[in-house]
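Dear colleague,

Please find the structure below, handed over for your own work. My notes on what was found in it follow directly after.

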Amino acid sequence: MESPSHLPRIDEKREEFLRAAGDHYAYGLGDSAFQQQCTTEFGPSLASTTYLDYAASAPAPLSALHRFTEKIRSTLYSNPHSRSSSSIATSLEIERCRGRILKDLFGLDDAQKRSQWDVIFTAGATAAMKLVAEAFSWQNGSKYYYLKQSHTSLVGVRGCALSRGAVVAAMDVNDMLECSQDDSSPTLFAYPAQCNATGQRLGLGYGVQLKRRHPQACILLDAAAYLSTAILDLASIPINQAPDFIPCSFYKIVGYPTGLGCLIVKRSSASYLQRTSYFGGGTIDAISVSSPFWSQPRRSVVPGPIHERFEDGTLPFLDIIALDQALDVHQHLYQSQQHVSRHVSALTRFATRELSLLRHANGCPVVQQHRAFSGSEYLEEPGPTIGFSLLGPSSEFIGHVHLEQLAAINGFQMRTGGLCNTGILTSTFDISDEEWMSEYNRGRSCWDDEEFTSSPQDQTRPLGIVRISFGASSTIDDVLQWLSFIRRYFVVSETVVALYKPLSTPRSSAPAAAKLKTLMLYPIKSCGGQSIPRNSSWQIIATGLRYDREWLLIDNASRRTLSQKQYPRMALIRPSVDLKRRKLVVCAPGMADLVLPLDTSDEDTASANVCSDIVAVAPSGESADEWFSAFLDLQCTLHRLSAGASRHAHFDRATGSVPILLSNESPFLLITQPSVDQVNEWIRDNRNSDISAAEDPVHPACFRANFLLSSPPSSSSSSSLPPFFEDHVDLLRIGTQTFQVLARCRRCLMICVNQKTGCKTKEPFSCLARKRKSARGKIEFGVHLMWREDLSEGDGEATVCVGDAVTLASLREGEEGGAGYS
Ligand SMILES: *Cc1c(COP(=O)(O)O)cnc(C)c1O
C-alpha cells in the first residue's frame, strides 16, 4: 500500500492550509517564526516526536520553568500559615493568583463580577469533582443526573450520591433538558463543557438552558478539557444562569505545574457544599484535644471566603507560584486563550476535513469520526480533539491497538482505547451495560489490549477508539505528518490481492519438505536466545523445548516481570544451558559470566504475575540478582518457575488444554526462512520510496522463534518453500516428532528489538503492517505449535535436532486459510 500517487503532495497541502488559515494560525508570528518559538520552548523534547496528545496534557514550555526558578531564587516564599514576612508574601501571591485565574480563564475582568466567585485549590479536576461529590448536601430524594458521555471522574460522583440516598441517572443531552424533577431536595446536574474523547463542546450555553428549565438545580460543569484551549466566559452570561461548580486542571492548559487544579464555586451556591467530617490544619478555627470532642470549622459563617473551609493542610504554595509564572509565559507566547482558540481551531478544521476526505481505492472512507451529544442544538464549534476509528476497504473497523503500535514506531504520541469515557463507546458501538459486565467477567479491563468485543456471534464492535488532539503549540506539520502516516499505512490503494495462493496440497499428494535450520531456546523469559549447535539434539516436552522460559526477571519496585519491550537491553543477556556441567551460564557485554546450577530445589517460593497468571517461583540468589541489576541498571531479581508449576495457553480450539511455562502464548513458535527473506525483499523495495527506512536487514532472531525452517539446500526453485507456507500447515513432523499448529502468531512491537544490538528499530513491524495485515488488522508472522506425542515416534526421551528433515502437511483441503491479506 504505497502512497497513492493521485493524492496531493504535502507541501501543496501545507500552502493550501496557510493560505486559508491566514493570521488565525501561528499567533501572527508567521509560520517559520512560530516553528522557531516551538523549538526554543520545547527543544529536543518535542523535536524527535509528533505530539498529538494535548487533551491528555500540554508539554511544559522551558521559559515557564526558567521564570519559576528565577522567581524562587529572588524571593523567599514559605508556608502561608505563619506570620513571617515570607509567609505573608506567599499568601498575597496565592490570593492574587486566585483572582488571575478568574480573569484569565473565566473572562471575569471586572472585580465586582469576580467577587461573585471563589477559587478552591485542589490537586486537579478529579479532586475538585470528588470535593463536590463529598461535600454536596445530598438528601434522601436528591438527584444526581449526568450526561452519558462524561469522563469517568464525573461519573464517579454517583458513588457518593448513591451512598447518601440520592437517585442517580445517566442521560442523553435532550433527556436532561426535558426531565422533570421536583425541587424539594438538592439536585445536581453534571456535564462536560467539552467531551474529552471527541472534542464536542456544550460550553456554557447548554448549562444556561438547564438553568432555565431547572432553576433550583445546581450544575457541576467539568471544564477540564474545554479550558485547555479556550476560556469559559462567565462574564458573558447572567450569574443566575451560570453553573455552580466548575472543576479544572492547570497542566492541561500550561503543562507545568502538574498536580494542581481548582474548583470554581459560585458564592451564592456555596451553602450546598458542606464541610466533610474531616478537618485539618487550615480548615479549623478552634478544637478540643479530647473528649468531649468539639471543633469549630474555619469561618463557618457563609458568606466568608469559601476556599478556607475546603483547603485542608498547607496549600502547594510553590506550585501556585509556578502557575502564576506559567500563565505569564502562556500569555507571552500565545497572547491570550482567544488566540490559542483560533490557532487550534484552524488546525482542527483542516485535520477533520482532510481525514474525512481520505478514501480507499474502492471509494470507501478510511476514517469514521465519532461525535458526542448528537441531537443537541446547543453544540459549539468542537474543540481541538478528534476521536475516530479507522476503517478497512470493506468498512470493517481496524483495531486501535494495531494503530497505536504503528503510531509508536513512527514517533507519534496520541491516545487510544476507552479514553476514560465508557459512554462514548457505549453510544458509538451500541455496547450495552450488560455487555460491559460480561466483558469484565471474561477478564477484560480498561487497560488491556483487546480490540473487539468478545461475543462470538459478533466480532465487529471495537473496544477502543483513536484520539488525536492539538494545543497551543501544535503546528500544521504535526497535522500533515499524521495525515501522511494514515495514508501510508491505512489507505488501500489497490484492490485487495491475496499475496499468496492457498496451498494446493491435497492430503494424498506428497507433503512439502524442509529442514530444521535453527533451533533456539530462551531460558530466561525476554532475554537473548541460545542456539543449539548442529547435530546435537534437544529434548522436547509438552510445555516446549526443555529449559525454555523457566527463569524470569522481576522488577523489585513494581513487582512486574521484565520485558524486552520496556528494556530492549535484555536482548544482550545471553543465557545458555550447559547440560554436561549442569549449569546455566549467562553472558552479557562487559560482565563476567554468571554461572548458576541447573538443578535447584525450591526452598523459598514466591509468586509472580506473568501475563495475568499468578505462578509459583523460587529466587535464584543474591549474586544473580546483583549481576542482572548491575547490567540493566535496575533493581531486579532472577526467579525460576517452581518445579511442576505451569500455565495454560489460551486458544479457542478443540485442542484441549495446552500447558506452557513462561512463554507468552504457546509451547513452540515456528517461522520459515523464505518468509523472513520475503520481508527483507519488501523492505528493500520500499527503501527507494522511503529513505527513513534505512535499517539493517531483518534477522530471523527478532521473531524469537524456537524453530526456523528452510528449504533443503538441494531443492530446485520449484520444490522450495514459498514464503508464508507455514500459514497453511496443520501438522508437521521434525525428525521423528509431530507437532500441530495451534494458531498464527500475532505480533507486537517486540519484533522491533534488534537482538544483536539491543536497540529498537522500526522494522520489521512497519513493513509487516503494510504488507501482512489480516482482514481484522492483525499482524501475523509465524505459527504457534503444540507437541503431538501421540503421533510421534520413538520411545524414551523425545528430541529434535538441527538439520532434521521436516515434512509439512495441510489437512484443510482447498481451504483458503490466508484470505484477507492485502
Ligand atoms: C482530563 C479530564 C478530566 C480529569 O482531569 P484530572 O486532571 O486527571 O483530574 C476530567 N474530565 C475531562 C473532560 C478531562 O478532559
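Domain bounds in these notes come from an automatic or database domain assignment. For this protein, the assignment gives domain 1 (4-52 + 343-490), domain 2 (74-330), domain 3 (522-531 + 549-649) and domain 4 (668-809). The centres of domain 2 and domain 3, taken over C-alpha atoms, are 50 Å apart.

Please note that this is a predicted model, in which local features need pLDDT of at least 70 and side-chain atom pairs count only at pLDDT 80 or more, while totals for chains, interfaces and linings use all residues. Residues are numbered from 1 along each chain as its sequence is written, and side-chain values use heavy atoms, with hydrogens and water left out.

The ligand site

Helices (H or I, at least four residues) and strands (E, at least two) are DSSP runs, numbered from the N terminus.

- An N or O atom in the side chain of Asp222 is 2.6 Å from a nitrogen atom of the ligand.
- Tyr251 places a polar side-chain atom 2.7 Å from an oxygen atom of the ligand.
- Ala125 has a backbone N or O atom 3.4 Å from an oxygen atom of the ligand.

On its own the ligand has 390 Å² of accessible area, of which the protein covers 86% (Shrake-Rupley method, 1.4 Å probe; for residues, only the protein chains shown count as cover).

Cavities

A cavity is a set of points, on a 1 Å grid over the protein atoms alone, where a 1.4 Å probe fits but cannot get out; lining residues have an atom within 4 Å of a point. Grid points are joined across faces, edges and corners, and a volume is the space filled by probe spheres set on the points. The count comes to five cavities of 30 Å³ or more.

The largest cavity has a volume of about 210 Å³. Its lining comprises 23 residues, with Tyr54, Ala58, Ser228, Lys252 and Gly471 nearest its centre. H11 and helix H13 (317-334) are the elements that give two or more residues to this lining, and H11 provides the largest share, three residues. The largest cavity lies between domain 1 and domain 2, because both give residues to its lining.

Backbone geometry

The peptide bond from Tyr256 to Pro257 is cis, with omega near 5°; Pro257 is in the loop between H11 and strand S8 (261-266). Cys420, although not a glycine, has a positive phi of about 55°.

With kind regards

Definitions and conventions
A polar contact is a pair of N or O atoms within 3.5 Å; within protein, one must be able to donate a hydrogen and the other to accept it, and residues adjacent in sequence count only if both atoms are side-chain atoms. On a 1 Å grid over the protein atoms alone, a cavity is a set of points where a 1.4 Å probe fits but cannot get out, and a pocket is an open set with protein on both sides within 12 Å along at least five of seven lines; lining residues have an atom within 4 Å of a point.
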